[in-house]
Amino acid sequence: MTPISFNKKYYNENKDPIGHPFGQDGGPRNAKSRIPVMVFIHGESYDWNSGNPYDGSVIASLGNIIVITINFRLGIFGFLPAVEGSSRGNYGIMDQVAALHWIQENIAEFGGDPKNVTIFGHGHGAACVNLLMLTPLTKGLFQRAIMQSGSALSPWAIARNSLAYTRQIAKSLKCPTEDSAVLVECLRQRPVQDILAVPLSVPDHLSAFGPTIDGVVVPGEPADVMEKHTDFFGQYDLMFGITRIESYDQFSSQEDKSGIDVLRRDRLLRTLVRNLFTYHLQEIFLTVVNEYTDWSKPDQHPINILDSTTDAMSDALVIAPLVRTGNFHSRVRHPRDPKTYQYVFTHQTEEAGYSQRMGTVHGEDLPYIFGAPLVNSLSHFSRNFTKSESSLSETVILFWTNFAKYG
């Protein structure tokens, strides 16, 4: 990896960014002191992606912390729902809990502090972070959490119909569906490729397989647990935040340039309402259209319609659920007196390839958190950043690691 060029504003040969002394080997001068730990939980989907592409070496070096990225089982292999007498479900979340246990048992051998662990995640990974804050299985395994552009209250965060998709896969692979134990045992005999090849038609904005409310790993409805069981939720300091546009992938590049018409808007919003709600669908649809239309303008230009539709979908899928989660946390009364912080990341990378008109899009904060602008190349991130963007990345890393160190 290309060596990092440290900013002298934050670094000299003896001190870290906020003035704490370093030893000659680059570690803390006090041999007994331990380095804070940050654990990243990847997002994108419950069906694909990996922790491997996220290189934590830059943020670890600049922030003087230990960064761990993890993998966990995905899709039906990680989130086969609990069925009576045959499976427990939520294996993907249990993998994350197992990783946190490993850290408690082993991280001291790497100079890490097992009593100063922060978990952070993006998108679906942020929803996992939120769920880890709500389960009694993680008591004492971490102290702080950062949720970026996702929460357990997003409509896609909990897979509420995964049993039906399990039976659909079983039926396609000629496994019996009446007896749950027999169904699971039959699926275990099928090749992985055959299971993954079964086509599933999943409604937009929802998840076929993902965390389920099993009463153990996920003890109840996330909103209820956050509101009523603050002994779980209130153990942790929380930082959460968003970008300007959280539903950018709903639109084509042509629509990004030219806008959309009313018919396209109505199709998108009707689909959103139909898949997220059960009753009063027409009333909800009309209310959303009314709230997200700029009635001060006599004509609705296609660009204006695109912007308002993007706002509505971003709010529904990410922003409103995440802000609600933050509100729950900020009201917690707990002996530990947890802190709650919110950020909004609004910087648009100059050479990112996204429309400059729309604003910062989902995921555009990740390169700055991992320090991509500070080195020649880092993982899958862009390699073309300005000098000011390098400074911004240093600042973002300082914020994230200071939160991890001190809350």
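1. Two aromatic rings of Phe, Tyr or Trp count as a pair if their centres lie within 6.5 Å. Please keep in mind that this is a predicted model. With that rule in hand, Phe40, Tyr54, Phe120, Phe370 and Phe381 form one aromatic cluster. A search of the whole structure gives 14 aromatic pairs.

2. Let us look at one pair from that cluster. The ring centres of Phe40 and Phe120 are 5.0 Å apart and their planes meet at 55°, so this pair is tilted. Phe40 belongs to strand β1 and Phe120 to strand β3, so the pair ties together parts that are 80 residues apart in sequence. Are these two residues buried or exposed? Both Phe40 and Phe120 are buried.

3. Six strands make up an open sheet with parallel pairing, and their order is β2-β1-β3-β4-β5-β6. Which strands sit at the edges? They are β2 (66–69) and β6 (340–345), each of which pairs on one side only. On average, neighbouring strands of this sheet are turned by 20° against each other, direction ignored.

4. Strand β3 (residues 112–122) and strand β4 (residues 144–148) run parallel and are joined by five bridges. Within this pairing, Ile119 of β3 stands opposite Ala145 in β4. Helix α4 (residues 124–132) packs on the sheet and touches β1 (35–41), β3 and β4. The direction of helix α4 makes about 135° with that of β3. Cys128 is buried, with a relative accessible area of 1%.

5. Now for the cysteines that bond. How many disulfides are there? The count comes to one disulfide. Cys175 and Cys186 form this link, with their sulfur atoms 2.1 Å apart. The angle about the S-S bond is -75°, and the link of Cys175 and Cys186 is left-handed. Cys175 lies in the loop between α5 (162–172) and α6 (180–188), while Cys186 lies in helix α6. The two cysteines are eleven residues apart.

6. Cys175 has 5% relative accessibility, so it counts as buried. Cys186 has a relative accessible area of 14%, so it is buried too.

7. Arg270 lies over the face of Phe285, at 3.9 Å from the ring centre.

Terms used
Residues numbered from 1 in each chain as written. Predicted model: local features only at pLDDT ≥ 70, side-chain atom pairs only at ≥ 80, totals over all residues. Heavy atoms only, no water. Pairing = 2+ DSSP bridges. Helix = DSSP H or I, 4+ residues; strand = E, 2+ residues; numbered from the N terminus. Axes fitted to C-alpha atoms, helices over the stretch in contact; angles between N-to-C directions. Contact = heavy atoms within 4.5 Å. Phe/Tyr/Trp six-rings, centres within 6.5 Å; stacked < 30°, edge-to-face > 60°. Buried < 20%, exposed > 50% of the residue type's maximum accessible area, 1.4 Å probe, protein only. Lys NZ or Arg CZ within 6 Å of the ring centre and 35° of its normal. Disulfide = S-S within 2.5 Å.
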